[in-house]
Amino acid sequence: MTQAQDNNHRERNPQSTPYHPQAPWPCMRGDVRGTGYSSRPFVPDPAVPRQVRHFRTAGGVFSTPIIGPDEIIYTGSADCLFYAHDPISGQEQWRFETGEVIDSAACMGDDGTLYVPSGDASIYALDPAGSQRWRLDMLKDRTQFSPSTMYWWEGNIVMGPNGLLFAGSDDFNLYAIDRQGKVDWAALTGLCIWTAPSFGADGAVYVNSFDTCTWAFDATTGEVKWRTSTGNFIASSPAVADDGTVYFGSFDRMIYGLDGRTGKVGTRVATGGSVYGSPALAPDGMLY
């Protein structure tokens with residue numbers, strides 16, 4: 001991407017600035033609104049062979065990959081390792097070992113720092129070369145009450161427009177964490193959080209919990225703005241449209257669109273089964 005293309009991308013996507021400007025896909029859902037859409041132009045390099053490459057780990061890969069500068073792919077595995085892989089050369093760049101399964105997506109900050117959640121109750125901050133900068137271990141650094149006995153970071157980590165990191169845990173809490181690895185605030189929901197948070201223009205952070213609810217918190221204070229229940233589990237991450245509508249799917253076989261200011265249900269579309277996947281929003285307003 002040229003500098004002019006990158007500047008144009010940032011002008012059209014001002015909320016993408018917490019992430020690395022040259023990372024094509026710096027978090028699970030691509031941007032802070034969780035749209036699952038990239039406005040970056042893709043121009044295939046004719047010098048690069050168009051072929052499928054395979055990279056085998058020693059365990060299942062449940063972690064959504066993210067893509068950094070130079071198209072380096074970063075992903076975790078059930079073998080407890082986090083990998084950096086060059087898809088052009090087909091070579092592994094480095095690997096970092098955690099204490100448990102990694103099945104959540106990492107994210108990349110604007111300075112290239114990688115933030116990696118793991119099943120060992122820790123979030124790791126790694127430099128672009130794969131060396132540890134800090135570790136937040138919730139078995140040692142408990143700051144928040146939870147009725148749960150699990151501290152698995154199963155919610156995918158993202159970065160908010162305010163520069164804080166946001167991640168949900170199996171201890172039922174959504175955490176806001178600063179760039180030095182200190183918990184800024186935490187908010188208790190009713191069950192585990194498996195989804196990636198997303199953000200609205202009014203300073204809200206939205207997250208779906210297995211307690212059947214979509215929650216809206218103030219991204220700065222953690223104060224609850226509203227919550228809305230679908231009556232069934234939710235594993236689908238929310239996507240925020242230009243008009244502020246929050247879209248997601250539920251195990252009740254419905255796709256929902258909620259008013260981002262109030263949580264009121266505005267759209268409900270029936271499907272033929274439980275909706276596990278997260279929606280994607282195109283610029284023309286179509287939802288997939």
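Predicted model: local features only at pLDDT ≥ 70, side-chain atom pairs only at ≥ 80, totals over all residues.

Biologist: Why are Phe55 and Tyr83 called an edge-to-face pair?

Modeller: Rings of Phe, Tyr and Trp (its six-membered ring) pair if their centres lie within 6.5 Å; planes under 30 degrees apart count as stacked, over 60 as edge-to-face and the rest as tilted. The structure holds 18 aromatic pairs. For Phe55 and Tyr83 the centres are 5.3 Å apart and the planes at 80°, so the pair is edge-to-face.

Biologist: What makes Tyr83 buried or exposed?

Modeller: Buried means under 20% relative accessible area, exposed over 50%, and partly exposed in between (1.4 Å probe, protein chains only). Tyr83 has 3% relative accessibility and therefore counts as buried. Phe55, at 32%, counts as partly exposed.

Biologist: Why is the pair of Phe233 and Phe251 edge-to-face?

Modeller: Their ring centres lie 6.2 Å apart and their planes stand at 80°, so Phe233 and Phe251 form an edge-to-face pair. Phe233 has 36% relative accessibility and so counts as partly exposed.

Biologist: What makes S5 and S6 paired strands?

Modeller: Strands (E, at least two residues) are DSSP runs, numbered from the N terminus. Two strands pair if DSSP finds at least two bridges between them. S5 and S6 are joined by 2 bridges and run antiparallel, with Met108 opposite Leu114 in S6.

Conventions:
Residues numbered from 1 in each chain as written. Heavy atoms only, no water. Helix = DSSP H or I, 4+ residues; strand = E, 2+ residues; numbered from the N terminus.
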